[in-house]
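Subject: A structure for you to look at

Hello,

Here is the structure I promised to send you. Please open it beside this email, and then read on for what was found in it.

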Amino acid sequence: MPQYKGFKIIPKIAIDDKEILSLVYTPGVGSSCLKISQNPEASMVYTNRINSVAVVAFDYEKALERAIFLKNTLLIDAYPLVISLQTPKQDFKFAIENIQINFCAIDLSLMQEYVSSIEFDVDIPVLKEPVSDLKDFFGAISRNVFMMDISKLKGNVKERSLQLRELAGGVIETQLTEEKRNKPVAIVSDGTAVLGYGNIGALASIPVMEGKAALYSELADVDAMSFCVKTQNPEDVIKIVQMFASSFSGIHLEDISAPECFEIEGCLSETLDIPVFHDDQHGTAIIVLAGLLNSLVLEDKKISDIKIVIAGAGAAGTAVAKLLLFAGAKNIVMEDINGAIYRGRQNEFKYLDELAEITNPNNEQGELKDIIKNADVFIGLSKGGILTEDMVRSMEYRPVVFALANPEPEIMPDEAKHAGVYIMSTGRSDFENQINNSLAFPGLFKGLIDGNIKKVTNEIKLESALIIASMVSSDELTPDNILPDALDRMLPVKIAGSIKEKYSHN
């Protein structure tokens, strides 16, 4: 009889080719998000929420033991969470009401006295004391044991992705282990900036978080779980994450809009003793830099000599600009819904004033069609369809275009190439040169956790970008192949090893 001591969070289907990647993650994942945004009850169909239970206690080991019991006896995917005994009850009540969207039930039976007087305003069962039939009380339904023949799925990518999640109940599950493992990474979102859909809410963002968790497991053997919060008040998001922080090895922030994401990341980075990483910002920046470095090798240009136009000045655009500047870029012009960002422009947010001070050295003004002229590189982190063929033709000879809006890029690859683009990248796995954050975050977090590294610095981000770029050898580097395969198992190993070796505090 096995003696279980821990658990893994694993994908329900092996992500071993790009077709499956497109179903588990981008671009297919967006279809589930939209279904849930239209009908909240669909979260029980297209995610593993229907079989996920939170076990909360004052002691992590006791919560873990209870979670192992629920999995071993009832096949429930239970997640141990821990809080401080000094947590005010009103704060705890608020937190439970905001994280309930990740689960089909909450198990508080290990803290009976503390919770006995709390009335939770939730729409799922909350266990405060022992019951005779746990399975019936929780209403959990395990769809973890199944055989999936991908060839039987019908339709386009979005339709097949929906079918996969409906049949499997999401894309992740837990698996008991006989060895202790690191606590999971919490993938935190408030749903204010989900893919290219904007603010569709935290519940609708869960398919993305499950997809990220599946990639963590598949690529780096790192456990990660969805920890979405219903509130969209940044102070409340911070408070909830701080309350449960001892449950996790790290915090992966995802799909949170600017400028709130800057406040949330900054505060959590300062107050927690585990690494905090906003993937939309820094993961994107790392991959963009890696792809750009290899593009410039093919172009025989230096990053300090080129003009770069970035469409979109949200979380991703801001982080990309700052990392490119750190890597040596001198001429970056940024654009948002109000046109070019320049010194003297009236801005709603302070961070835009700060961007104006460090970018656009010639203080260019106007719309995208104006500032794109004579640019060597276009980086789109905005919305689909904003870059036209005429704009591309106004760029420098053999331009580089990274059109990264998902699921619809700023310009489709066939249109871009027709207009003369030399190197084309999107954020999608069904086109060449995918700028996919999965190239960075699994190995990065593995290195942070293994090396006991608490902060993500520019040096660590640059190191990650250099490793990624180096994985494409000189004889393999072509305009259609500037980045390693998203499923290259050696990449996260190399990133993690390099980060641990150079920046470890062990």
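How many bridges join strand β14 to strand β15, and do the two run parallel or antiparallel? Four bridges link β14 (residues 377-380) with β15 (residues 400-403), and the two strands run parallel. Please keep in mind that this is a predicted model.

**The sheet**

Now place that pair in its surroundings. β14 and β15 belong to an open sheet of six strands, with the order β13-β12-β11-β14-β15-β16 and mixed pairing. At the edges stand β13 (339-340) and β16 (423-426); each has a single partner strand, so one side of each is left without a neighbour in the sheet. In general, the strands of a sheet pair through backbone hydrogen bonds, in either a parallel or an antiparallel way.

V377 of β14 has I308 standing opposite, and its bridge partner in β15 is V400. F378, in turn, stands opposite V401 in β15.

Which way do the residues of β14 point? V377 and I379 point one way, while F378 and G380 point the other way. All four of these residues are buried.

**The cavities**

The structure holds two cavities of 30 Å³ or more.

The largest cavity contains about 100 Å³ of space. Among the residues lining it are R49, Y79, F103, E210 and M225. Both α9 (202-220) and β8 (224-226) supply at least two residues of this lining. Sorted by class, the lining has five nonpolar, five polar and two charged residues.

The second largest cavity has about 40 Å³ of space. Its lining includes L219, S438, P442, D485 and L491.

Happy exploring!

Methods. Residues are numbered from 1 along each chain as its sequence is written. This is a predicted model: local features need pLDDT of at least 70, side-chain atom pairs count only at pLDDT 80 or more; totals for chains, interfaces and linings use all residues. Side-chain values use heavy atoms; hydrogens and water are left out. Two strands pair if DSSP finds at least two bridges between them. On a 1 Å grid over the protein atoms alone, a cavity is a set of points where a 1.4 Å probe fits but cannot get out, and a pocket is an open set with protein on both sides within 12 Å along at least five of seven lines; lining residues have an atom within 4 Å of a point. Grid points are joined across faces, edges and corners, and a volume is the space filled by probe spheres set on the points. Ala, Val, Leu, Ile, Met, Phe, Trp, Tyr, Cys and Pro count as nonpolar, Asp, Glu, Lys and Arg as charged, and the others, Gly among them, as polar. Buried means under 20% relative accessible area, exposed over 50%, partly exposed in between (1.4 Å probe, protein chains only).
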